[in-house]
Amino acid sequence: MPTFESRRGLDSRAGTALFLKRWLRRPFAMGAVIPSGRLLAEAMARATLQAMEGRPGHVVELGAGTGEVTKALLAAGIAPTRLALVERDPELAAFLRRHFAEPQIIEGDAARLPRLLADHGISPIAAVVSSLPLLSLPTDIVSGIVHGVFDALPRGAALIQFTYGPTPPVPRALRQGLRLVGSRGGRIWRNVPPAVVWTFRKPPAA
């Protein structure tokens, strides 16, 4: 019989193949040719744990894809019942349902996040972690997503977002308009391509 490690390897290869197929169909929506690497996924999970600061509620993952970041969040100790995975692509959402039994999987558009969460009874929100390719999406869509995230988050809670680019993944005008404070992690050179994890918060009201 296959071992746990061999099954996990098969799952990862299947996920990579599916991700590549979806990228070939919709490259700008996917943002990368392959899923997040292990080191990037682990960095996202560490930043999420730090950002949660003991807050109750759900961790919402946007653009869960084939679940590479999901696996890192679970391995970091976040209870699967606290995870809500949002994925717009029907084929990727079906893949997630086959491989993750306990997290709640929501097939829908992150640009409608407050409505999606309300429709599924997901509240309160401890943190949002995103693998969405914000730098390659149209400005109005990025604005809708970021506004929706901070409408759903309580003040002081964080959005964790990675980027392959040299600048913050949330545009300056949005950061200024929402009065977001961003902090940058180190560049993960061994990821393909190299990536940086950012944490954005709307500070508590004075």
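Modeller: Contact means heavy atoms within 4.5 Å, and helices (H or I, at least four residues) and strands (E, at least two) are DSSP runs, numbered from the N terminus. This is a predicted model, in which local features need pLDDT of at least 70 and side-chain atom pairs count only at pLDDT 80 or more, while totals for chains, interfaces and linings use all residues. Residues are numbered from 1 along each chain as its sequence is written, and side-chain values use heavy atoms, with hydrogens and water left out.

Biologist: Which residues of H3 meet H4?
Modeller: Ala-41, Glu-42, Met-44, Ala-45 and Thr-48 in H3 meet Glu-68, Val-69, Ala-72 and Leu-73 in H4.

Biologist: How is the packing of two helices described?
Modeller: In general, one gives the angle between their axes and the distance between the axes. Here the axes, which are lines fitted to C-alpha atoms, for helices over the stretch in contact, with angles from 0 to 180 degrees between N-to-C directions, come within 8 Å for H3 (residues 38-52) and H4 and cross at roughly 50°.

Biologist: In what order do the strands of the open sheet stand?
Modeller: Strands of a sheet pair through backbone hydrogen bonds, either parallel or antiparallel. Two strands count as paired if DSSP finds at least two bridges between them, and here seven strands follow the order E3-E2-E1-E4-E5-E7-E6 with mixed pairing. Strands E3 (104-107) and E6 (181-188) are at the edges, each with a single partner strand, so one side of each has no neighbour in the sheet. E1 (residues 58-62) and E4 (residues 125-130) pair in the parallel sense over five bridges, and Val-60 stands opposite Val-128 in E4.

Biologist: Where does H4 lie?
Modeller: H4 lies across E1, strand E2 (83-87) and E4, running at about 175° to E2.
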